Each structure stands twice: as structure tokens, then as C-alpha cells.
Amino acid sequence: MAIRRLSLLISVVIAALCVESKYVVYNTSQDVVQGKLNAFFQRWWRDQSELMQITVKQLVNTGQLEFINGGMCMHDEAAPHYIDMVDQTTLGHRFIKEEFNVTPRIGWQIDPFGHSAVQAYLLGAEVGFDSLFFGRIDYQDLAKRQLEKSLEVVWQGSKSLGSSAQIFAGAFPRNYEPPTGFYFEIGDDSPIVQDGRVNALYSTPTIYTDAKYAEHQSWPLKTDDYFPYADRKNAYWTGYFTSRPGLKGYVRVMSGYYLAARQLEFFRGRSEKGPTTDSLGDALAIAQHHDAVSGTSKQHVADDYAKRLFIGYKEAEELVAASLACMVDSGLKSGCRNSLLIGSKKLQVVKPPPINNLSPGLGRSKSQCPLLNITYCPATEVDLSQGKKLVVVVYNSLGWKRDGVVKIPVIHGNVSVQDSSGQEIESQLLPLANVSLGVRNFYATAYVGKSPSATPRYWLAFTASVPPLGFSTYVISTPKGAAATFATQTLYESKGSENSIIEVGPGNLKLIYSASEGKLTQYVNTKSSLKASIEQSYSYYSGDDGFQSYYSGDKEYFQASGAYVFRPNGTIPIASEGQISFTVLRGPLFDEVHQKINSWIHQVTRVYKEKEHVEVEFTVGPIPVDDGIGKEIVTQFTTAIKSNKTFYTDSSGRDFLQRIRDYRADWDLQVNQPVAGNYYPVAVGGGLGVREVLAGRGVGERGSVGGDRGGRGSRREGSRREGGLGERGSVGGDRGGRGSWREGISEGGVSAGGVSVGGDLGGRGFGGGFRLSISVGGGGCRAGGAVGQVG
């Protein structure tokens, strides 16, 4: 949203100076550039003539054109996973190196809305930058640092790496603008500095950094991050942590797919004729922009980001299909490698036995299922009678063995699953929920342009065991013996009078529900003798429209809650109404609890036999705004764990940082927004928004919640932890004209293969998931870590 931005794709700084000396007087007669470069540099570069490219390279060689930051974009620092931040920076630096043979030395994050500790050490010091400059820090922090002249610091973003990964960093005194009177732009009326005591020159960040290093002075030490960010009273930029959760989820899914596709591209052998992963890599890089994955762009811009991701995915999908064909088919096709090398070792490929009568699903055609999140996979929704068989290939892009449950939609229940050796493995069938079918029909129609030809009746679930950087195959067919086990189904109606409890879970992990209230009450692990009280609830904050405070005297600023800023109208959540009815499905692999929280919130809680975490999926929306009130949807967990206002959130999916409610380590916080001011970003959080360690003092219990995309989390009063899901506003935008509910700023939720479903918001909602774990000792982070892995 920067008005005076020097770059969008590849950051550049332009100056007129001589290469022989770093410190020269700025010569205003040397007409280098008429105005600013404010477009994507790479795109501009590819459209230029050979003569223009030669001229630009000469400017780079003489020091008149300087690349800083150098990523494909100026990425956001709250929502992205650090792997995506590294990837997009690498692509940009590779382009600069190949075209200009230079490497950027300066980090330049002047517009993101707060700054991550991972940015300082991993995307700063360890990238090789000599300094990092940024524009946005909290207005209270800024005022204190201006008074103390401590805007510049030595930033140690990692406690484990310490001084080995520290970087010289500086915040601008006026956002991303120079101080008043020091613009010196073409057409600017700032007076030229003429003072015998001052040697002023038109400099660059690199020249400035070299001068600071030459002074051999010391600076204050900074060890945490710059979140959350507020630029004035009542304006905490914590709303964007959950804006457009659908786009955030789509970016995260494509990130994992990109990792797997690149590996398969290497295994098969890269072909410059295509298909390649380049388009998906470029789309993912641009999607990390601080007005992209952040969720703060206009609707048509968000549509374009999703479209580019989808185009990149479709090309990568062809590559993945061809690569799997090479690896799986018994007769290797020409152009495929017979042996796949990983370092100095060969990857052993175990092929399935020859199978006759394959269905046109995941067999020879190598179809994929990108829309399982909306229960849509035509490849598996086939009739397997008359001897047809379906082969499912499961690929593991991570460096360790993974055992997990795979679910696919099927139209008949008379099926069984075998592994590649022909051994029958345990499986179970679950009926599809009505809410899932509704989502499926709406989004599948938008995706393919017509209603689905078949309607699945069940989820078929089985456990897949996949080696590191490898694959396993499973055959689904009509059984000769026993078929998949049908899950038993029991409906419970909370009546308010029963005292009985309902135990859910086929293994060591159990969830205890109150039959009278229909609510979760306990988390039990018989293996570790853990019994912890826990409750979950949904509610929403009404969004402040800004008018009351404006007309009551605060006329300096109008501030509504929206895409950027979270400003609830009051500090007490409004609870969802009505009693909760729920259905319990029990099977040999896992149990499920289906809950209808209200008419527009549904949740499925899953407890596995072989896992020690709980998996939750939710569907929210369409969020009603007929009452004219914008709504910030949250879910809360209340436990008996006492943490004395302390909790932890991840930093860009990597380190954990300690958070203390109503407290900042660098200044005495004046609490103006007790809700919004205590929300922090969670890159490995997401729908729930809490990748949070519920640290207990003296009780030995730790808990964590980890989601499937970037989000936000907080610790409220008492022992309640809270995570934001998404919002739908009822008034115009909060900043830059963005945030209107008419654009569905946060309701693009269920990603249909990159296709943005426009039109009436009446059919739109968002879905997501998270994992919950409580354990004795230090194992509570396990759930979040598992979710946070891409691939």
C-alpha cells in the first residue's frame, strides 16, 4: 500500500555517483532517471530492448543503479512460512546474479505491517545482508526510540544463534518516508542543506551502511520482534493476520505442492521444453507480497494472485503426473531415469505388481485430487464393480517416514484396500456430512463450470506408510473377503439435565464430552496418565465502525475495523446462541465428533487411534451481516494450565517467542486496545490462528494448537486462549479503501483450485483446520510442528 515505494518486485535504489569513490557530492545535473521505478523490475526488464538492457547494466556497474532486498517481492512477515520467504528471496537474487552478476547487500522491508525475528537473522544476517531497514514499528515504540535516538539497533533475532546471526537494523523516523525537509525528489521544494558543519550527499542504503560500520560505534540490542504493529491509538494492524483465510490457505497448500513437484522434477530430470515448476514458483513468490498473502489487496487483485497460482499449479500438475508415471509404471518410459540419485545414494523405487482392469482414476492416467478440501475427486468417484481397480499413489516430500490416514471420497461402500504387496490393510468408511456436500456442490460447480456428474456417499479412510522422499501405492477394489468397516453413528442431543459423559477416541488419546451440554470437558491420554480439563467455544467480536469514537470527540482519526486493523467494539466476545447437538462416528482408525455450533458454524473433531493429537476441521459462513454489524470470528480454549499471562507463538514457522499479555519488553505499554493489542501472528497457525504453547507453571503440562495457514493467536483473561478465524465487515475499508464486506475481504475461504468464486456472498464461507495437543513435559508442541511442515 506504499505511496512512495521504490519497488514492488525487485527493490532498486537509484543514485548518481562515481564508482571510484563512495562518498561524493550528489550532482543534480547528471540526469540518470526521470522519476522512480515503481513496477515489477523483472517484468519491465524482459520487455526492454538490447540497447536499454546494456544501458541499465552500465548503470549497475558504475554504482548509479543499486539493487537492495532483491527478492521477487517485498514479502509479508506475519502470514508466510519461512520456507516461502527463503524461496522468493532466492528466486530474486538468482535473477540479479544471472543478469547483473551482483548480490544485494541490504535488506529493505519498508512497508510490511510489523517485522518478524526470522526476517532479521534468517532473511537478513544469514542471507548475507549487512543491514536491514524497515518502516513500520509501533507508534509508542517509535516515540520512545526517537526520544532516545535508538531507532537503529543490533538485532539478534535468534536466541540459539545469538551474535553469530545478528544484523545492524534501523527503523525510519516517518514510516517509509525521509524526515521532513529531506525529500530532494524531482519537483520537491525541500531546501538544499548548506551548512559548514554538515556534509550532505544523496546517498544509498549501502553507502549509509558502510559509513555506519566505519564509525565503530555501538547500538542498543534488540532480541525479539516488532509485532504487533499499531500506527496510532485504536489502530492495531492485527486484522490482516486472518484477512482472506482462503487465499492464505491456498498459498500454503501450493507451497507444499511446489516442494514435492520440485523433487519429482529433479528425480525425473528437468526438461526446458516443459512442463516445469517455474510458473508455480513465480506465482508463489509474488503471492508472498505484503499485500497478497496478507489478505489486504482489492478483490480483483486477490483474484489475480489466485489465478496465477492456479496456472502454475496446472503446469506443475503435468510434471508431477509424468514423474509419477516414470516412478510407478513397470515399464519405464523414454526420458525417465532408471535410477534416482539423492546425494550419493540411490532411491529404491518399489513398483506395484501389474494390475489389470484399472479404472481411469489414479491408475495409468495419473489423475490428482487438488480439491479434496471440498470433497471432490472425480478420479476416485468411480464404480469399482465388475473387477475394476483403483491405484492410489501417496508421495512423501519430507525427509523422514510418515504414517498418516488418507481419506478419499467413494460412491460405494463395498470396497477394500491393499498395499503394494497385496496385503489387505485396515480401512473404514464414514458417511459424508450434509454441510460437506453443500460446499462440494457449490465450489465444484464453480471450478468445472457444471454440476458434478456423481455424488460420493462415503469417505474411505486408510493408513498409509510412506518412506522419506518416496512413495507408496495402494489398490482399492471390490473385496473378495471383508470390506472396509462402516463407522457407527450416534446422535446426541444436549438436554441440560443429563450428567453422563461421552468418551471419544479408539486409542490412548480420549476426549470427554458432557452429554448435558454437548461440550468438550477433558483431554485424556492413558499412555502418559494425563487428564487435563479443557473447554472450547466459538464467538465473535462485533467490528467497530469507527463512527462512535469519531463523533464523540476523536476527530483526528477515523478508524474502523477492517482488512488491516482489528478494532472490536468492546472487549467481551458475544457467545454463539443455542444448545449444541452433535453426532459421534466411531471406527477402527479414528472417531469423529460432528457439531453444528449454529446455523453458520460447523466443526468436525477427529481422534486417531495411533496419534497423540486431536485434529479439528471447521466450516464458517456465510457470516451474517444483515444486522449491520461486522463480525470477527474467534474460537477459545479454556484450560486449567496457569501461565501467568504468558504464552508463546511461532516466528514465521521457525522459532518460538514468549508473549506476555498487556506487556512489551522495549517500552511501558499504554493499553488502548486490550483485545487487538494482544493478538500476535502465527505463521503455522491458521484457521484457528493459534500456534501457541500453553505453558504451565508447576503442573508439568504443556499444550499447543497448530493450524493449516497463517493466522493470529492471543491469551485472554484467566486461562483462556483465543484464536481469530476470519471476519466479515459491515462498513467501508479501514485503510487504503480496503476492507469492505462487499468484496468479501475474508470470505474467499474454501479454495477451489485457485478459482475465485465471485458474485453473491450468500454462498460463500471459509474452512480450515488445526491440531490440538496437551502433554506432560515438553511434548506439547508436537501438534503444531506436524501441521507446520509443508509437503
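**Figure 1. Overview of the protein chain, with its 12 helices and 36 strands.** Helices (H or I, at least four residues) and strands (E, at least two) are DSSP runs, numbered from the N terminus. This is a predicted model, in which local features need pLDDT of at least 70 and side-chain atom pairs count only at pLDDT 80 or more, while totals for chains, interfaces and linings use all residues. Residues are numbered from 1 along each chain as its sequence is written, and side-chain values use heavy atoms, with hydrogens and water left out. Of the 791 residues in the protein chain, 55% are buried (under 20% relative accessible area, 1.4 Å probe, protein chains only). Among contacts (heavy atoms within 4.5 Å) with a separation of 6 or more, 74% are between residues 24 or more positions apart. The protein chain has an accessible surface of about 33300 Å², and carbon and sulfur atoms hold 50% of that surface; the areas come from the Shrake-Rupley method with a 1.4 Å probe.

Figure 2. pLDDT is the predictor's confidence in each residue, from 0 to 100. The average over the protein chain is 79, and 77% of the residues score at least 70.

**Figure 3. An open sheet of four strands in the order β10-β16-β12-β13.** The pairing is antiparallel; two strands pair if DSSP finds at least two bridges between them. β10 (389–396) and β13 (424–425) are at the edges with a single partner strand each, so one side of each has no neighbour in the sheet. Strand β12 (residues 416–419) is joined to β13 by two bridges. In this part of the sheet, V417 stands opposite I425 in β13.

**Figure 4. Helix α4 (residues 117–125), a mostly covered helix.** Eight of the nine residues of α4 are buried. These are A117, V118, Q119, A120, Y121, L122, L123 and G124. At the N-terminal end, S116 caps α4, with a side-chain oxygen 3.0 Å from the backbone nitrogen of V118.

**Figure 5. S150 in the loop between α5 (139–148) and β5 (152–156).** S150 is buried, and its relative accessible area is 5%. Apart from neighbours within four places in sequence, S150 is in contact with R145 and P220.

Note on methods. Buried means under 20% relative accessible area, exposed over 50%, partly exposed in between (1.4 Å probe, protein chains only). A polar contact is a pair of N or O atoms within 3.5 Å; within protein, one must be able to donate a hydrogen and the other to accept it, and residues adjacent in sequence count only if both atoms are side-chain atoms.
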